[in-house]
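Please read it alongside the sequence and the structure shown here.

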Amino acid sequence: MYYETDAIDLSNRLLLYVIVATFSYLLLIKLNMLYDKQVNTVIHAMELKLEQVVQSFIIAMEAKDAYTFGHSERVSQYAVAIAQQLPQYQEKTKLKNIRLSGLLHDIGKIHISDEILTKPEQLTEKEFEVVKSHTTIGAQMVEKVEGLEGLKCGVLYHHERWDGKGYPKGSQGLEIPLEARILAVADAFDAMTSTRAYRRGLSFNEAYSQVMNNLGTQFDPHLREAIESAKEAWLKIHVENHNKLDDLEKLTDFL
């Protein structure tokens, strides 16, 4: 039996096809949205877990030495301020890595005795060799934690110098990973502006001048422009954090 399709029937079929196709498309979008939401939820949960691990490390480390309270956080902030000025760190993920590297750069000091870390006098050569081991120990620690493996270079090489006179390997110039060169500046600046058991900290301007004067010897000279651009952010970080330290000292004295 031959069935002749009229125009109305054809249009109805086309309309049905359009409806089915549209529904399928919308359903696919919805499924993709649900999938992305689930993936983002998992990623967010993993990031929160990593943050908890990092904070636990920091608490354990800074509990060993009252003079290093807040050091890791400040180094992280100074390093991020520099990195934000560089084209290599315009991605959110890379900025997060430099932030975490700053927080964990001294994690290896957990394995160093309190007697050495808090010694008020100058360290002996043997004691200084023990302190220097914190870079390799720290690198070994972070590479064993899933999600933190990418921080190894910053933790391992942040005491290398541009002129090759640093440790642990004596690397020089561009042999040193960029994140480690950034951390070296941030770490040294905070160390200079922080009071230790054996000395008072320098003022912001004194420490900043020391950093700039040591570009090309201790620090990467290519970072000059980024450091200059980050100076205002550094000053803000310095003021905010040193006000917190003043408040802590007052509370400690009261107690």
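A crossing of two helices is called left-handed if the near helix is turned anticlockwise from the far one by less than a right angle, and right-handed if clockwise. Helices (H or I, at least four residues) and strands (E, at least two) are DSSP runs, numbered from the N terminus.

The model is a predicted one, in which local features need pLDDT of at least 70 and side-chain atom pairs count only at pLDDT 80 or more, whereas totals for chains, interfaces and linings use all residues. Residues are numbered from 1 along each chain as its sequence is written, and side-chain values use heavy atoms, with hydrogens and water left out.

The chain has 10 helices and zero strands. Of its 255 residues, 37% count as buried, a term that stands for under 20% relative accessible area, with exposed meaning over 50% and partly exposed in between (1.4 Å probe, protein chains only). Among contacts (heavy atoms within 4.5 Å) in the chain with a separation of 6 or more, 62% join residues 24 or more positions apart.

| Helix pair | Axes | Angle |
|---|---|---|
| α2 (residues 71-83) and α3 (residues 92-104) | within 7 Å | roughly 150° |
| α2 and α8 (residues 178-193) | within 8 Å | roughly 130° |
| α8 and α9 (residues 204-213) | 9 Å apart | about 145° |

The crossing of α2 past α3 is right-handed. On the α2 side the contact involves S72, E73, V75, S76, A79, V80 and A83, which meet L95, I98, R99, G102 and L103 of α3. These residues divide into seven nonpolar, three polar and two charged, with Ala, Val, Leu, Ile, Met, Phe, Trp, Tyr, Cys and Pro counted as nonpolar, Asp, Glu, Lys and Arg as charged, and the others, Gly among them, as polar.

Helix α2 also packs against α8, with axes that cross at roughly 130°, and α2 is therefore oblique to α8. This crossing, too, is right-handed. From α2 the contact draws on H71, R74, V75, Y78, A79, I82 and A83, and from α8 on I182, L183, V185, A186, D187, F189, D190 and A191; by class, there are 11 nonpolar, one polar and three charged residues.

One of the α8 residues, I182, is buried, with a relative accessible area of 0%. Beyond its neighbours within four places in sequence, I182 is in contact with A79, I82, A83, L86, Y89, I98 and L223. The C-alpha atoms of I182 and I98 are separated by 8.7 Å, although the two residues are 84 residues apart along the chain.

Helix α8 crosses α9 in a right-handed manner. V185, F189, M192 and T193 of α8 make this contact with F204, A207, Y208, Q210 and V211 of α9, giving seven nonpolar, two polar and no charged residues.

In helix α10 (residues 224-254) lies H238, which is buried, with a relative accessible area of 11%. Leaving aside neighbours within four places in sequence, H238 is in contact with Y78, T193 and F204.

Key: Axes are lines fitted to C-alpha atoms, for helices over the stretch in contact, and angles run from 0 to 180 degrees between N-to-C directions. Angles under 35 degrees count as roughly parallel, over 145 as roughly antiparallel, 65 to 115 as roughly perpendicular and the rest as oblique.
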